[in-house]
Amino acid sequence: MGVKNPWEPVQTVSNSQTPRQRRELHVKNGELGILTTQVNKLIDWGRSASLWPALFGLACCAIEMMATSADRFDIARFGAEVYRASPRQADLMIVAGRCSIKMAPVLRQIYDQMPEPKWVISMGACASCGGIFNNYAIVQGVDKIIPVDVFIPGCPPTPDMLLFGFNELQRKIREGIPNPPDPLKASGLKLVGPVGEEV
Ligand code: SF4
């Protein structure tokens, strides 16, 4: 019978540490598991987990969007940290901020340059409905120009809200929910660019 060490710590796990449960080690025994799914579900899952947003901010909401990709909120956890400078390499447009009437044809052109399939998040009150700018210079909701999949309220929405909206978009993609109808195609209206050319 040994002598008990009087200096032995009475608590082996500090209060700030969460004791980890012992888990059975996975044993490789050569048996392969079986996973059944559908190809379109697998593709939708892959798309939802690797969205590439267009590098596009319009006003103060864009600051919150930038914070979302920084280390504190870290949108990379959801696979969307690769902001693309070219819309041809992006499949997600986050309309972050108010859109002026003059900017509307540019917004539409960038959207048209994005390859299919593509999705749009309207971030903030201004992008979604004009917000406090109920005047002749601001588009009263970008869903009049492009089809919007997810609207995020707030002025400005916090990065957490953008992440929640982003997760909702991921859910829509995984569940195969289609984009809403294109407002310009539905209405038959045309946008005219700043120098008069048709967009
Ligand atoms: S919703 Fe608020 S924060 Fe966002 S663009 Fe409008 S005024 Fe700026």
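Two residues are in contact if their C-beta atoms, placed from the backbone, lie within 7 Å. The model is predicted, with local features needing pLDDT of at least 70 and side-chain atom pairs counting only at pLDDT 80 or more, while totals for chains, interfaces and linings use all residues. Residues are numbered from 1 along each chain as its sequence is written.

Q: Which residues does Val-95 contact, leaving aside its neighbours within four places in sequence?
A: Sequence neighbours within four places are set aside for Val-95. The remaining partners of Val-95 are Leu-58, Val-120, Ser-122, Met-123, Ala-127 and Val-142.

Q: Are H2 and H5 roughly parallel or roughly perpendicular?
A: Helices here are DSSP runs (H or I, at least four residues), numbered from the N terminus. The axes of H2 and H5 (lines fitted to C-alpha atoms over the stretch in contact, angles from 0 to 180 degrees between N-to-C directions) are 8 Å apart, at about 75 degrees. Angles of 65 to 115 degrees count as roughly perpendicular. H2 and H5 are therefore roughly perpendicular.

Q: Which residues of H5 make the contact with H2?
A: By class, this contact has 5 nonpolar, 1 polar and 1 charged residues. H2 gives Glu-64, Met-65, Ala-67 and Thr-68, and H5 gives Pro-159, Leu-162 and Leu-163.

Terms used: Helix = DSSP H or I, 4+ residues; strand = E, 2+ residues; numbered from the N terminus. Parallel < 35°, antiparallel > 145°, perpendicular 65-115°, else oblique. Nonpolar A, V, L, I, M, F, W, Y, C, P; charged D, E, K, R; others polar.
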